[in-house]
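Please look through the structure shown here.

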Amino acid sequence: MTLIPLVMSLLLSTAMIVTGILAVRGKRSLPISILAAGVVSLFASVQFLLLAAPDVAMTEAAIGSGLTTFLFFFVLGRVRGGRND
């Protein structure tokens with residue numbers, strides 16, 4: 001058994017924790033927080049690939065990282081560019 005999967009898993013876990021903290025603590029810039037949350041999902045999908053769960057990894061990448069991030073940016077644009085009814 002090699003140490004490469006273990007090291008990759010530890011690095012991804014650390015990166016997920018750091019970007020998760022950035023997503024929660026990013027009070028000054030909402031787009032940075034949204035991107036950080038998307039990166040956490042992307043790192044999670046790579047982690048699922050390392051755990052030999054490609055179906056879960058594809059779902060996490062498509063829904064968690066892609067669609068959710070797009071939806072957050074879409075709503076942010078609608079809220080900031082909205083007008084009073």
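Thr69 touches Ile34, Gly38 and Gly64, leaving aside residues up to four places away in sequence; contact means heavy atoms within 4.5 Å. This is a predicted model, in which local features need pLDDT of at least 70 and side-chain atom pairs count only at pLDDT 80 or more, while totals for chains, interfaces and linings use all residues. Residues are numbered from 1 along each chain as its sequence is written, and side-chain values use heavy atoms, with hydrogens and water left out.

Thr69 lies in helix 3; helices are DSSP runs (H or I, at least four residues) numbered from the N terminus. With 12% relative accessibility, Thr69 is buried, where buried means under 20% relative accessible area, exposed over 50% and partly exposed in between (1.4 Å probe, protein chains only).

Rings of Phe, Tyr and Trp (its six-membered ring) pair if their centres lie within 6.5 Å; planes under 30 degrees apart count as stacked, over 60 as edge-to-face and the rest as tilted. By this rule there is 1 aromatic pair. Phe70 and Phe74 form this stacked pair, at 6.4 Å centre to centre with 20 degrees between the planes. The two residues, Phe70 and Phe74, are 4 residues apart in helix 3 (residues 54-80), so about one helical turn separates them. Phe70 is exposed at 57% relative accessibility, whereas Phe74 is partly exposed, with a relative accessible area of 47%.
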